[in-house]
Structure formats: C-alpha cells, structure tokens
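The exercises below ask for a reading of helices, sheets and aromatic rings from a set of coordinates.

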Amino acid sequence: MHEAITLLAGPILRRTTPSEVVFWWVTDAPAEPSLNLIPLTPDSNTAIAVDCTLAHQQMQAGDSLYIHLLKVTPARELPTDKEIEYDLRLNGLGWNHWAEDLVYPGHKKPFFVIKPKLSHILHGSCRKPHHDSGDGLVRVDTLLASTPTEEWPSLLIMNGDQIYADDVAGPMLWAIHHLIPHLGMHDETLPCVDVKQASRLHNDTPCYYYRESLLPNTEASQKMLSQVFGGARKPVFTSASAHNHLISIAEILAMYLLVWSPEGWKKLNNDTQKALPNGLSATEEEQFRRERRVLEGFIRSLPQIRRAMAHLPVAMIFDDHDVTDDWNLTAEWEQTAYGHPFSARIIGNALLGYLLCQGWGNAPEHFSDELMDRVQHALQKPGSEQHDQVLQELLKFSQWHYLWPTSPTLLVLDTRTHRWRSEESLAKPSGLMDWEALTDLQQHLMNLDAVVLVSPAPMFGVKLIENIQRVFTWFGKPLLVDAENWMAHPGAASTLLNMFRHAKTPKHFIILSGDVHYSFVYKVQLRGINCRPDVWQITSSGIKNEFPKRLLDVFDRLNRWLYSPKSPLNWFTRRRRMRVIPHKPDHADKGERLLNASGVGLVSLNDDGSPKAVTQLCADGRDVYFKLSESDARWD
C-alpha cells in the first residue's frame, strides 16, 4: 500500500535540454520519486522509455513541507521537437493521485517538448495576486491547450516579481497564516523587534495592514522603517504598500505555495476563507473584502497555471518585489537595510525562499551540496545563528545569473546584487550591474551571432519617464520614483553601450524585460566603426499588474510630443548616438506607443535570431501585435 501524499506545488518543469531535464515540486511528506521519460512516435504503441539516471534532492522545511529538485540525465540524448511523456511517481503514486487535472485533454500523461532552437518565446513579469485584472499565465495554458505541439513555444521566461513579498493583500496574509500550521514549520526567533517569535505574527499579533508598528521606536528602527517598511505613496509610479510585508521564512514559503498551486488553498476550510481577522477598522474591513473578491478569481485560475508550468520549461529571475521594493536601489538603502538585523532577516528570508523555489532550478550546479546542507540546517532552526549565517552567505552570493544552451543563447542577468554604487553620492541610484559583472557578460557574448538577453529592468526605456526619474534623483528623491533604469548610472550606461558596439558583439540582441507595468517594443540601431548590431528592447509587464491608466496615457503622449523625431529636446538628452524606432500596438489610439494590459509576451524569431513578430497575449483575451513605426524613429 502506497503512502498518501499531497503535492503542494508543482511539478514545475525547469531547465530542459536533450541531455538533462530538471523538475521542481513540493510535498507534505517525504517522497521518493521514480520517473520514466517516453518519447512518443507516430505509433504510440511502440513508445519505449529512455533509461535515465535520477539525482534527487529533498529539503525539509517543516514537519509537512518538503521541497524537491530532480535532475534527470538520460542514457542517450532525448529527441527534440517531439512530445516526451513523463511518468513521475511519488512514493509509487502517479499524477492522477496527486494532481488529477494536470494532463491536457487527449493525453494520457504530462509531457514536454524540447525546443533548443528558439522559434517562439513566452515572457512576462509582475504577477500580483490581488491586482484587479486577469492572470496572464492563464493565456499560457490556453495557448498550449489549443496549439499543435510542433508550434509550441520553447520556454516561458518569468523575468521578475513572481511574488510580491512586500505588497501582500490582507486575505493573502490571512491565508498564509492559516496554512503555516499545516506545514509544521519550526518557530522563528526574530531579532531586534517587539514581537520575538514569528508564531505570534500568525496568531495574537498579526498586525494586518500595519506591520511597521512591530518595530521598536528607536532612531535606527525608524530609519530602516522609512527604507523598507514605509510603504510610501510614490506619486509617479506606484501606490503599493508594504504594510503587510512578509517577514518569516514560513510566510515566504507559504506564499509560494499559494501563488503556484490550488492545493494550499484546499487545506483552508470555507469558514477560514470567509472569516475576517479581529481588530480591523471599518476601512480595513472594506479593503479586506475587496481584495478577497479579486483573490477568488486568482485562486480559480491556479489549476491552469499549475498545468502550464508542468508542460513548458520555465526560466526565472528575481526583481525587487520578490524580495522587497527598491531592493539595493542606492548604496544608502543598502547600508540602512543591511545594517539593521530585522530588515536584514526579512531580506535574507525572501532570498532564501527565492533560492528554494526559483533559483535552484535555473542552474542547480551553482548551488553546492555543502551550501544546500547549510540551508537544510538553517530550515530546521529558523532564527538561530546558523540561519543568520546562511542568510549572510546568500546576500553575498554571486551566481544568481545563468545561461541556457539554446539557439540563440539565453543569458539571464542578475541586476539586483551586482550593483555599481554611485561614486558621487550614496543616495544616488546604483548601476544595475557593476563593471566586473558587465565585463563577465561581455565575455559570454563574444563571437555569438545572436543572443536573447533577459534584463528585468528595460535597458532602453521610455525617455520621458527616465528623465522624470533623473529630475527626482537630482532633488535627492530616487526612491520616490523607482529610479532604477540602466541610464541612471553614467558608468553602467557607458559600459553597456560600449559592449553593444564591440567588434565581436552579436549581430542581433533581443532584450526581454518587465518591471515597469506596461509593455512596449523598441528597435535600437547603434552606429559604430566596427559593427552595427540591431537591438530589440521587448518589454512585457505585468502578468497580473498594470500602470495607473490615466497617468500612463499622459506619459505616453507627452513622450511622443516632447521627444518626436524633430524635437530639439533630443539634442539636450542624448545618451549615445543611436536610432530608436518604436513599434506601435495595433488598434492603438493616435499617439499611443505603450500598452497597458495584463498578459504575457510572445516573441517569434527568425532563423538568424532576430524577432519576426511580437505579440502581447492579454489576460482579457485580446492579442495585441506590435508593428514597426519608422515614421517615429528618432536619433537619441
């Protein structure tokens, strides 16, 4: 008799090549996996499983919380562009025992298709569960369900803000607190804060909507509060609040379960999901009910999200909200946040959650057995000295970036932990990558014909918005406007643009970005003596988030008027001699170049690695195509 098991999240298909397949999942009990990979032939009755070597790692994070990574090495290379079924069994139980809705109609088992030649790529960022829009990841599932497998995209790139650790709805935090006892995680001791044990956050002192009140009233705490917990109303870019900021590692891991799978929600009874926390004001009760209505739609879509991620390879990288807003934006921010034990713990826990739930599957070889052993000990004793030592190690970790051997090569950048600090002022924005990281990137790019570069923040953004950020920075307020664009730091900007102009640079750069909560496409032509690479900045944001509509409409039109091809302002704001050609969303109003709609981007590539077509698959069901607009080209 097989031991009963609940699959709390996954399986999620991660790095997938002809010589290796990586899976990730979470269970509520120890699980010994077995796996058969079965390439399908026209006559499926003759399909034969491929012999494989399995390397299974299991991290216990609670009495009923086990996080798994499985590396599968086939005895011979797997075929490309063909369906490969996988029969994953956990303690002998197949998919229909732990995820009965995992398989697409017409198929007997879950499957994947290895497509190392990148002909179609899905990408997106910024998936906030309580944003009042549809979930773009649903479009991934409907695309896979309705498309012949020979036309499937090669992979899904999630380029930042897969969770919002710093902007959590009241009902989501309520659900997290009721899920944690089911996971059996050990209590975490909290440093330098009035609430000493994390369990009190989930019971008698949950502090919904005002978690900043947990801090003792000291000068150091108040300074840290303004940087991390302030939830400042940002007048230009976002009104997101940090008042429900996740704190403990238990809260972080529970949120990952609740945003990627329906199973955690099933553990909460109906009374819990309909109840209200004690102590809410009338205004907070109204907000709680409003957020709950939005989350109900989010929860209904989770079976589709889980199914899509079980069939399509998923590449991931963090951006700030996976950890905290404005993460490492300035050197002053870093000094303040890491100089206080409580904020350092909050940031470290979020980074530990990222490692376990995202980073691990991107490049398992970056995380040694010794490091994972230390992580395991820390999970057994949260709040201990071992825990803090591991967090300090992760805060200094230098291998979050990675490369996948596709064609063109996929290079995913870490633009958060290799910052180029301003030499002028600690309060000025840091460069998104320092000189050493950019030099290392250039070495990876040498002699490639084409590359797909993932940068969470756009390398080439909307000029008006970047100049607004520059003005706020000049007045010493970069945090008010999220002034983190590539051009904000002169050294990083110059090095980046010189890299594009290098004689051995790829002929075609596709830069995939998110972060900004709107979508756009630019073709950038850089002029030089030795080369003339073509660069496409393709931004898709958010998966489930949008920019304030009226404000974006104003910015969009002002940007076109103020920086039109003949505008003299272009001469006063030049960054480097380059020609910028925007792509116009089809059916856009006159003057619109930015698309404000939740969804995911779909990029189709030519054989030479240049983009053939760019589409936004909107959560509301529309397909919006971006068309080249030569008449709007300008020299920048």
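The model is predicted, so local features require pLDDT of at least 70 and side-chain atom pairs count only at pLDDT 80 or more, whereas totals for chains, interfaces and linings use all residues. Residues are numbered from 1 along each chain as its sequence is written, and side-chain values use heavy atoms, with hydrogens and water left out.

**Exercise 1. Overall composition**

Determine how many helices and strands the chain has, and what percentage of its residues count as buried.

Solution. Step 1: helices (H or I, at least four residues) and strands (E, at least two) are taken as DSSP runs, numbered from the N terminus. The chain has 19 helices and 21 strands. Step 2: a residue is buried under 20% relative accessible area, exposed over 50% and partly exposed in between, with a 1.4 Å probe and protein chains only. Of the 636 residues, 64% count as buried. Step 3: a contact means heavy atoms within 4.5 Å. Among the contacts in the chain with a separation of 6 or more, 76% are between residues 24 or more positions apart.

**Exercise 2. Two helix pairs**

Classify the crossing of H6 and H12 and that of H13 and H14 as left-handed or right-handed.

Solution. Step 1: axes are lines fitted to C-alpha atoms, for helices over the stretch in contact, and angles run from 0 to 180 degrees between N-to-C directions. The axes of helix H6 (residues 249–260) and H12 come within 9 Å and cross at roughly 40°. Step 2: angles under 35 degrees count as roughly parallel, over 145 as roughly antiparallel, 65 to 115 as roughly perpendicular and the rest as oblique. H6 and H12 are therefore oblique to each other. Step 3: a crossing is left-handed if the near helix is turned anticlockwise from the far one by less than a right angle, and right-handed if clockwise. H6 passes H12 in a right-handed crossing. Step 4: helix H13 (residues 369–380) and helix H14 (residues 385–395) have axes that come within 8 Å and cross at roughly 140°. H13 and H14 are therefore oblique as well, and their crossing is left-handed. In this pair, Leu371, Arg374, Val375, His377 and Ala378 of H13 meet Gln386, His387, Val390, Glu393 and Leu394 of H14.

**Exercise 3. An aromatic pair and a second sheet**

Describe the geometry of the ring pair formed by phenylalanine 23 and phenylalanine 112.

Solution. Step 1: rings of Phe, Tyr and Trp (its six-membered ring) pair if their centres lie within 6.5 Å; planes under 30 degrees apart count as stacked, over 60 as edge-to-face and the rest as tilted. The structure holds 20 aromatic pairs. Step 2: the ring centres of phenylalanine 23 and phenylalanine 112 are 6.5 Å apart with planes at 65°, so the pair is edge-to-face. Step 3: phenylalanine 23 lies in strand S2 (residues 20–27) and phenylalanine 112 in strand S7 (residues 111–113), 89 residues apart. Both residues are buried. Step 4: S7 belongs to an open antiparallel sheet of three strands in the order S3-S6-S7, where phenylalanine 112 is the bridge partner of isoleucine 84.

**Exercise 4. A buried glycine**

Identify which residues glycine 170 touches.

Solution. Step 1: glycine 170 is located in helix H3 (residues 170–183). Step 2: its relative accessible area is 0%, so glycine 170 is buried. Step 3: not counting residues up to four places away in sequence, glycine 170 touches Tyr208, Tyr209, Asn244, Phe288 and Glu291.

Note on methods. Pairing = 2+ DSSP bridges.
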